[in-house]
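Here are some notes for a colleague who has not seen this structure before.

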Amino acid sequence: MDKQTFLKWADRNAKRIGVKKEQVIKAFEKDMAVPPDPDAPLQVPDTMHVNMRYSYGGQSRFFREILENKRIMGARCSRCGKVFCPPRSHCPDCYEQTAWIELKGTGKLLSYTTVYFATSSSVKQVPYIVAYIKLDGADTAILSNVEMKDIKKAKVGMDVKVMFRKQRDGRITDIYFKEA
Ligand SMILES: [Zn+2]
């Protein structure tokens with residue numbers, strides 16, 4: 001593709017996908033300027049927007065209670081009494097349906113790691129701690145973030161308590177943990 005045609009192509013495609021022309025030029029000038037290998041894979045700029053509804057199904061009440069009432073719910077097996085948090089609609093051992101019970105939101109840090117590289121949604125919090133936390137009254141562990149001033153002070157067995165963000169959206173990131 002000659003330069004003049006390439007610049008027009010870049011301009012047209014930038015408008016089509018809603019980015020600056022310069023971005024398309026930068027991303028594609030190498031591919032498009034050289035005499036092409038006719039069998040090389042042809043790549044063109046494109047974009048994808050996906051708006052969707054995500055259903056929590058049988059776990060919905062767990063998220064609804066966090067969102068609306070700042071409560072942490074577990075699910076207890078009606079046969080063996082095991083309490084799951086995160087909740088399960090059925091016990092994986094007995095296949096019995098579980099019943100909701102409220103947990104206090106306190107617990108212990110079972111295991112953790114420090115995150116130094118994160119996706120765009122969490123990049124401002126880096127470095128931060130992701131931990132498995134066993135809540136008091138639960139038999140399983142929940143994965144969440146632990147926010148503390150000095151992350152070097154984190155240790156296995158540490159007492160933690162749940163915190164609810166001011167703005168809650170019905171997502172697991174509506175909660176995090178703090179040293180109790
Ligand atoms: Zn059971």
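**Notes on the predicted model**

1. The chain holds three helices and eight strands. In sequence order the pattern is α-α-α-β-β-β-β-β-β-β-β. The chain is more spread out than a compact globule, because its radius of gyration is 25 Å, well over the 16 Å that the globule rule gives for 180 residues. Please keep in mind that this is a predicted model.

2. The C-alpha trace spans about 70 × 40 × 30 Å along its principal axes. Of the 180 residues in the chain, 15% are buried. Among contacts between residues at least 6 apart in sequence, 48% join residues at least 24 apart.

3. The largest nonpolar core has 14 residues, and those touching the most other members are C85, L109, I133, L135, V146, V160 and F177. At least two residues of this core come from each of β1 (72-77), β5 (128-135), β6 and β7 (159-164). β5 gives the largest share, three residues. In soluble globular proteins, nonpolar side chains tend to be buried together.

4. V160 touches, beyond four places in sequence, G107, K108, L109, I133, V146, F177, K178, E179 and A180.

5. Leaving out residues up to four places away in sequence, N145 touches Y128, I129, V130, Y176 and F177. The C-alpha atoms of N145 and Q125 are 10 Å apart in space, and the two residues are 20 residues apart in sequence.

Key
Residues numbered from 1 in each chain as written. Predicted model: local features only at pLDDT ≥ 70, side-chain atom pairs only at ≥ 80, totals over all residues. Contact = placed C-beta atoms within 7 Å. Core = buried A, V, L, I, M, F, W, Y, C linked by C-beta atoms within 7 Å. Buried ≥ 20, exposed ≤ 12 C-beta atoms within 10 Å, placed from the backbone. Helix = DSSP H or I, 4+ residues; strand = E, 2+ residues; numbered from the N terminus. Rg over C-alpha atoms; globule rule 2.2 N^0.38 Å.
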